[in-house]
Amino acid sequence: MLIGEVARKSGVSARMLRHYESLGLLRPRGRTDSGYREYSGEDVRRIFHIESLRSVGLSLREIGRALDDPGFTPAALVGDLIRQTRERIAAETELLTRLRRVDAADPARWEDVLQVVALLQALGSTSADARQRAALSSVDAVSVPVEALVEAVLSEADPNVAGALRWALARSGDGGAALLAEGLGSPVAAVRERAVRSLGEMPGDEATAKLRPALVHPDLVVRRHAALTLGTRGVADAVPTLIDMIVEGQYDTDAADALSVLASDSGTADLIAAGLVDRLATGTPEPPARGRLAQALAAVPGAAAARALGELSHDEDRAVALTAAYLLRLREPG
C-alpha cells in the first residue's frame with residue numbers, strides 16, 4: 001500500500017507518517033518501481049500500535065522503546081503516567097473551580113474579574129493576615145462566591161481568620177447554609193466543628209432547619225454547638241442536650257443561658273423544669289452537677305421549678321442546699 005492509502009485506512013495523516021519515519025518509529029522497506037514507499041501489513045499493524053500507545057499518553061520516544069526494546073517493562077512507565085495524569089486532572093479541576101467562581105461573581109468588567117481573582121488568591125494565601133483581610137473585604141468589594149467562602153471557612157484553622165470568614169459568610173446571602181450542612185458529614189472532626197459553628201452564625205430559617213438534624217449527630221461536639229444555637233432560637237428539641245451539657249459541665253453557662261431563653265415560653269418552661277427535676281432525681285449526679293442544675297432551675301419560671309428548688313434547699317450537700325435556698329428567695333415577690 002502507498003502512503004495515501006495507508007493514511008486513509010489508518011486515520012493517520014501522511015505528514016504524521018513521514019514524521020514517524022523521520023524518528024525511526026516506522027521503517028517501511030518496500031519501494032515501488034517508481035521509488036514510492038510501500039507499506040506492508042506489518043507496517044500498518046505497527047502504525048496502529050503507535051497510535052494505541054499515544055492514546056494512553058506515551059511520548060513518541062517512549063513508544064519507540066516500548067516497541068523495539070525486548071527488555072522494556074511497562075509497569076514503572078504506566079505508574080508514572082497515572083501519577084502525571086492525576087496531577088494534570090487536579091490542576092485542571094482547580095482551574096475549572098476557579099473559573100466557575102469567577103463566573104458566579106457575575107463580573108461586569110475586567111476590573112471586577114481581577115478583583116475576584118485577587119480575593120480568591122488571598123483566601124488561599126499562606127499568610128493569616130492576608131486571608132483575614134480578604135474575608136473582611138469580600139463584603140464591601142466585588143462579592144466572593146459563597147462556595148469559596150464555605151471552602152475557606154471549613155479549612156481555616158486560625159481562630160481570628162475563621163471568625164472573619166464566618167462573619168463574611170453570614171452576610172453572603174443564600175446558599176451558604178446548604179453547603180455548610182454538607183460539612184457536617186465530613187470524616188474530619190475539625191471540619192464538622194467549623195461547619196456547625198458557622199451554621200450557628202448564619203441568620204435565617206434555612207440555617208436553623210439545617211441545624212435541627214445535628215441534634216442527633218453522632219459527634220458530641222456537633223450536637224452541643226447545634227443545641228446552643230437552636231436553644232437561643234427557640235427550638236425546644238434542644239432541651240435534652242442542653243440539660244446534658246449542664247450536668248457534664250461542658251459549656252454549662254451557655255447552656256443555662258439558652259434554657260433561660262427557651263423558658264420564656266410557658267409550655268417549654270414546664271418541659272425544661274421537668275427535665276431538670278428528672279436529672280436531679282435519677283442518676284444521682286455529683287454535687288457540682290446538682291449545683292449547676294439548681295442554678296439552671298433559677299431561670300425557669302413556674303411552680304415545678306420552685307418546688308424543685310425547695311427540695312434542693314434541704315440537700316445533703318450544704319453548698320447545693322445554700323445555693324438552692326438563696327435562689328428560692330430571689331424568686332419570692334417583693
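Select Asp158 and Asn160. Asp158 caps the N-terminal end of helix 9, with a side-chain oxygen 2.9 Å from the backbone nitrogen of Asn160. That pair is a polar contact: N or O atoms within 3.5 Å, where within protein one must be able to donate a hydrogen and the other to accept it, and residues adjacent in sequence count only if both atoms are side-chain atoms. Helices (H or I, at least four residues) and strands (E, at least two) are DSSP runs, numbered from the N terminus.

Two notes before you move on. This is a predicted model, in which local features need pLDDT of at least 70 and side-chain atom pairs count only at pLDDT 80 or more, while totals for chains, interfaces and linings use all residues. Residues are numbered from 1 along each chain as its sequence is written, and side-chain values use heavy atoms, with hydrogens and water left out.

**Stop 1: helix 9**

Now select residues 159-170. This is helix 9, twelve residues long. From first C-alpha to last it reaches 16 Å, close to the 16 Å expected at 1.5 Å a residue. The expected span is 1.5 Å times one less than the number of residues.

Colour its buried residues: Val161, Ala162, Ala164, Leu165, Arg166, Ala168, Leu169 and Ala170. Buried means under 20% relative accessible area, exposed over 50%, and partly exposed in between (1.4 Å probe, protein chains only).

**Stop 2: the second largest pocket**

Stay in this area. Select Glu156, Ala157, Asp158, Pro159, Ala162, Arg166, Ala190, Glu193, Arg194 and Arg197: they line the second largest pocket. About 160 Å³ of space lies in this pocket. A pocket is an open set of points on a 1 Å grid over the protein atoms alone, where a 1.4 Å probe fits and protein lies on both sides within 12 Å along at least five of seven lines; lining residues have an atom within 4 Å of a point. Grid points are joined across faces, edges and corners, and the volume is the space filled by probe spheres set on the points.

Which helix gives the most to this lining? Helix 11 does, with four residues. Helix 9 and helix 11 (189-200) each supply at least two.

**Stop 3: Arg192**

Remain on helix 11 and pick Arg192. Arg192 counts as buried, at 15% relative accessibility. A polar atom of its side chain lies 3.4 Å from the backbone oxygen of Pro187. Beyond its neighbours within four places in sequence, Arg192 is in contact (heavy atoms within 4.5 Å) with Gly183, Leu184, Ser186, Pro187, His217, Asp219 and Val222.

**Stop 4: helix 2**

Jump to residues 14-23, helix 2. Its buried residues are Leu17, Tyr20 and Glu21. Seen down the helix axis, they fall within an arc of 100 degrees, so they line one face of helix 2. The arc is that of the directions from the helix axis to the C-beta atoms. On the other side, Arg15 and Ser22 are exposed.

What does the buried set pack against? Show helix 1 (3-10), strand 2 (37-38), helix 3 (41-55) and helix 4 (60-68).

Zoom in on Leu17. Its relative accessible area is 0%. Neighbours within four places aside, Leu17 is in contact with Ile3, Val6, Ala7, Val12, Leu26, Tyr39 and Ile47. Val6 is eleven residues from Leu17 in sequence and 9.0 Å away in space, C-alpha to C-alpha.

**Stop 5: Tyr251**

Select the loop between helix 14 (239-248) and helix 15 (252-262), where Tyr251 lies. Its phi is near 50 degrees, a positive value in a residue other than glycine. Most residues other than glycine have a negative phi. Tyr251 is partly exposed, with a relative accessible area of 41%.

**Stop 6**

- Thr97 is in helix 5 (residues 74-104). It is partly exposed at 30%. Draw a line to Glu147: the two C-alpha atoms are separated by 9.7 Å, and 50 residues along the chain.
- Thr229 is in helix 13 (residues 220-232). It is buried at 13%. It touches Gly200 and Leu211, not counting residues up to four places away.
- Ala324 is in helix 19 (residues 318-331). It is buried, with a relative accessible area of 0%. Its contacts, neighbours within four places aside, are Leu309, Leu312 and Ser313.
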